[in-house]
Amino acid sequence: MEKFIKILKEKIKNINFNTQKCKRCLMDETASGISFSENGCNYCEEFLKIYEILTKNKPNLDDLKERIIRSKPINSKYDCIVGISGGIDSSYTLAKVKEIGLNPLAVHMDNGWNSELATNNIKKLISSLNVDLYTHVIQWDEYRDLMQAFFDADVIDIELLYDNAALAVCYQQAQKYGLKFILAGTNTSTEGFRMPENWNWYKFDKKNILSISKRNNVKIKTFPTIGTIDLVFFYKFKRIKWFNFLDYLENYNKFEAISILQDKYNFKPYPYKHYESIFTRFYQGFILITKFGIDKRKNHLSSLILTNQMEKKEALEILKEIPYPSEKDLVEDIEFFLKKMKWKEKELEEYLQRPPKKHSTYGTEINIRNFFKKIQKIFPLPL
Ligand SMILES: [Zn+2]
């Protein structure tokens with residue numbers, strides 16, 4: 001286990017401090033297409049522009065509520081869908097949606113990696129808010145085979161599996177109940193910083209998932225997927241819309257959200273972003289850094305710096321450390337991961353040594369995405 005800790009520490013030093021950095025935010029040369037200017041970089045400049053527009057023209061929460069209530073089908077118990085992961089942003093969204101008088105159906109996708117903390121947080125929240133929860137459970141053997149296929153393919157975005165399935169379940173449930181609004185904990189003030197193209201992959205790339213799983217002969221039975229054409233169907237024909245709900249709130253602040261959730265719902269906070277899933281934290285805190293040379297904390301922390309939720313000095317100190325509360329916590333996650341994936345240490349070592357491959361090595365719908373991006377003025381899609 002010592003060797004894995006050593007690899008992680010060395011890599012952090014290399015990718016976080018031996019690279020040219022932006023003067024204002026934390027982005028650096030590990031982000032594709034970055035260009036530095038006197039005061040900043042194209043990533044933070046773009047973020048500030050979007051953030052300014054959003055602060056000046058705050059979308060109106062009352063209007064949104066009105067529209068949601070008006071869209072409610074007769075005889076339906078619910079008026080909207082709220083996707084929840086167990087994380088801070090989505091939990092706070094659910095609490096707020098209920099507080100303003102809406103009747104959401106909470107939708108959760110269980111891929112077998114929920115931390116116990118997250119499971120308890122979801123339970124506490126659902127019962128105190130008195131909302132219904134639909135949980136889609138993917139059979140673990142099937143999900144493990146899919147993950148194995150992604151590891152064997154050496155592609156960067158292993159979380160494409162979770163993210164795509166979670167999107168699919170939200171849209172499917174909205175369709176089932178005739179609901180037009182999906183409210184999500186995605187937001188500009190803590191997440192609006194654009195993810196560099198080389199840091200993840202297109203989340204509606206169903207073809208990529210199917211193509212990679214086919215290489216390992218994985219039979220898909222309980223794994224829900226959504227592709228670009230499915231999205232066109234839901235968005236254009238079923239008129240189901242996705243909303244970054246937290247953008248509708250006055251000054252959404254992560255730290256305030258945590259303390260409200262703690263006080264009102266006995267919520268237990270997580271040490272870092274996305275630590276509601278054991279795999280997500282192991283992926284972001286270890287695999288992405290060691291195999292792919294990407295530290296997503298730069299992106300998350302940059303948005304906190306630019307929205308004055310954190311000092312840059314403090315963020316730089318965080319970037320020096322491993323993304324785990326302690327080395328012991330990391331070792332526990334490695335052991336848990338190996339056991340759950342049925343891997344030996346050697347397999348993890350070999351995986352880390354193999355060079356990464358592009359998602360586009362396999363079947364992909366990225367060209368369809370690019371086409372819709374090009375015509376987004378006349379045919380907008382939430383890509
Ligand atoms: Zn910058």
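Contact here means that the C-beta atoms of two residues, placed from the backbone, lie within 7 Å. Ser 90 sits in helix α4 (residues 88-99). Helices (H or I, at least four residues) and strands (E, at least two) are DSSP runs numbered from the N terminus. With 25 other C-beta atoms within 10 Å, Ser 90 is buried. The cut-offs are these: buried means 20 or more other C-beta atoms within 10 Å of the residue's own, exposed means 12 or fewer, and partly exposed lies in between, with C-beta atoms placed from the backbone. Ser 90 and Thr 186 are 96 residues apart along the chain, and their C-alpha atoms are separated by 7.5 Å.

This is a predicted model: local features need pLDDT of at least 70, side-chain atom pairs count only at pLDDT 80 or more, and totals for chains, interfaces and linings use all residues. Residues are numbered from 1 along each chain as its sequence is written.

**Overall build**

The protein chain has 17 helices and five strands. Its radius of gyration is 20 Å, close to the 21 Å that the globule rule gives for 383 residues, so the chain is as compact as a globular protein of that length. The radius is taken over C-alpha atoms, and the rule is 2.2 Å times the number of residues to the power 0.38. Along its principal axes, the C-alpha trace spans about 60 × 50 × 45 Å. Buried residues make up 39% of the 383 residues. Among contacts between residues at least 6 apart in sequence, 77% join residues at least 24 apart.

**Nonpolar cores**

A nonpolar core is a set of buried Ala, Val, Leu, Ile, Met, Phe, Trp, Tyr and Cys residues joined through C-beta atoms within 7 Å. The largest core holds 81 residues, and those touching the most other members are Cys 80, Ile 81, Phe 150, Leu 161, Ala 165, Cys 170 and Ile 182. Helix α7 (residues 160-177) gives the most to this core, with 11 residues. A second, separate core has 14 residues, including Met 27, Cys 41, Phe 47 and Leu 306.

Beyond four places in sequence, Ile 81 is in contact with Pro 104, Leu 105, Val 107, Cys 170, Gln 173, Ala 174, Leu 179 and Ile 182. Leu 179 lies in the loop between α7 and β4 (181-184). Leu 179 counts as buried, with 23 C-beta neighbours inside 10 Å. Its contacts, again leaving aside neighbours within four places, are Tyr 78, Asp 79, Cys 80, Ile 81 and Ala 174.

**A helix pair**

Two packed helices are described by the angle between their axes and the distance between the axes. The axes of helix α6 (residues 140-153) and helix α9 (residues 206-215) come within 8 Å and cross at roughly 90 degrees. Axes are lines fitted to C-alpha atoms, for helices over the stretch in contact, and angles run from 0 to 180 degrees between N-to-C directions. Helices α6 and α9 are therefore roughly perpendicular to each other. Under 35 degrees counts as roughly parallel, over 145 as roughly antiparallel, 65 to 115 as roughly perpendicular and the rest as oblique.

From α6 come Leu 146, Ala 149, Phe 150, Asp 152 and Ala 153, which meet Ile 212, Ser 213 and Arg 215 of α9. The residues of this contact divide into five nonpolar, one polar and two charged. Ala, Val, Leu, Ile, Met, Phe, Trp, Tyr, Cys and Pro count as nonpolar, Asp, Glu, Lys and Arg as charged, and the others, Gly among them, as polar.

**Loops and exposed sites**

Most residues other than glycine have a negative phi. Asn 266 has a positive phi, near 60 degrees. Lys 342 also has a positive phi, of about 60 degrees, and is not a glycine. Asn 266 is in the loop between α11 (254-265) and α12 (278-292). Lys 342 is in the loop between α15 (327-341) and α16 (345-353).

Pro 356 lies in the loop between α16 and α17. Outside four places in sequence, Pro 356 is in contact with Asp 154, Ile 156, Lys 291 and Phe 292. Lys 374 belongs to helix α17 (residues 366-374).

| Residue | C-beta neighbours within 10 Å | Class |
|---|---|---|
| Asn 266 | 12 C-beta neighbours | exposed |
| Lys 342 | 9 C-beta neighbours | exposed |
| Lys 374 | 10 C-beta neighbours | exposed |
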